[in-house]
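Me: I would like to learn how to read strand pairing and salt bridges in a model. Can we take them one at a time?

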Amino acid sequence: MVTGLLSAGLMTAPLDVADAQTKKTEKGDKVHAARPANIDRNGVLILIRGTLLALDQANKTGNYTVLRDLGSPNFQANSAAGLGDIFANQRKQALDFGAVAVLDPQLTLLPQIEPNGMLHMAGFFPSVPMQVNFELLFEPTNRQWKIYGVSVNLTSGAPQAPDTPVAEQQKPDDAGLPPDAPSMAVQPKKTAKP
């Protein structure tokens, strides 16, 4: 599995979200749980595709300037060279995320606003042979969502065999089977001709 992750300039594990319960800070202020984002399908597609295609082009060209410029001020704290270092493994493997241009993403985490005000979403593009998985975090900047964190990896997109071999699977009991067919043939009734 290949992973490139950037969150506010740090290479870390998958983006961590606040737990779903309301908490109090040291000052006693309430911090609320994530809530659904008020963003339409087209807006979600633009954010996902724009970000992943910018990353794909940066990986293909080795130039991370545009990806950096699309980010929030916190993301831009990274230099283009620093972004190149973070995504060097993807670039060396010549990974292609081009499928994101034509396939529709399947969201595993619907867009939500985290307690810190950031837009968070995750999902995958069901491509074969490799599936593009993503997790994205956007920061509000000048009334726009700007890239704050990106996590992308590829996994096998082919159907997976079941864990248990077919011969070892339990057979269903007769209760769920349809009844046997009637024992005598049913024929249409002959009508007399006038």
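Reply: Start with pairing. Two strands pair if DSSP finds at least two bridges between them. This is a predicted model. Here strand 6 and strand 7 (residues 130-141) run antiparallel, joined by seven bridges.

Me: In which sense do strand 5 and strand 6 pair, parallel or antiparallel?

Reply: Antiparallel, over five bridges. Their hairpin has five residues between the strands. Within that hairpin, look at Gly-117: its phi is positive, near 90°.

Me: Is strand 6 largely enclosed or open?

Reply: Largely enclosed by the rest of the structure, because six of the seven residues in strand 6 (residues 119-125) are buried. Buried here means under 20% relative accessible area.

Me: Now salt bridges. What is the general idea?

Reply: Side chains of opposite charge can pair when their charged atoms come close. The cut-off is 4 Å, from a side-chain nitrogen of Lys or Arg to a carboxyl oxygen of Asp or Glu. By this rule there are five salt bridges.

Me: Which residues are linked in a network?

Reply: Arg-41, Arg-49 and Asp-104. Asp-104 meets Arg-41 at 3.4 Å, N to O. That pair links distant parts of the chain, 63 residues apart: Asp-104 is in the loop between helix 4 (88-92) and strand 5 (106-113), and Arg-41 is in helix 1 (residues 41-61). Asp-104 also bridges to Arg-49, with the closest N and O atoms 3.2 Å apart. Arg-49 lies in helix 1 too, so this contact ties together parts 55 residues apart in sequence.

Me: Which partner does Lys-60 meet in a salt bridge?

Reply: Asp-96, at 3.1 Å, N to O. Lys-60 is in helix 1 and Asp-96 in the loop between helix 4 and strand 5, so the pair ties together parts 36 residues apart in sequence. Lys-60 is exposed at 52%. Asp-96 is partly exposed at 48%.

Note on methods
Residues are numbered from 1 along each chain as its sequence is written. This is a predicted model: local features need pLDDT of at least 70, side-chain atom pairs count only at pLDDT 80 or more; totals for chains, interfaces and linings use all residues. Side-chain values use heavy atoms; hydrogens and water are left out. Helices (H or I, at least four residues) and strands (E, at least two) are DSSP runs, numbered from the N terminus. Buried means under 20% relative accessible area, exposed over 50%, partly exposed in between (1.4 Å probe, protein chains only).
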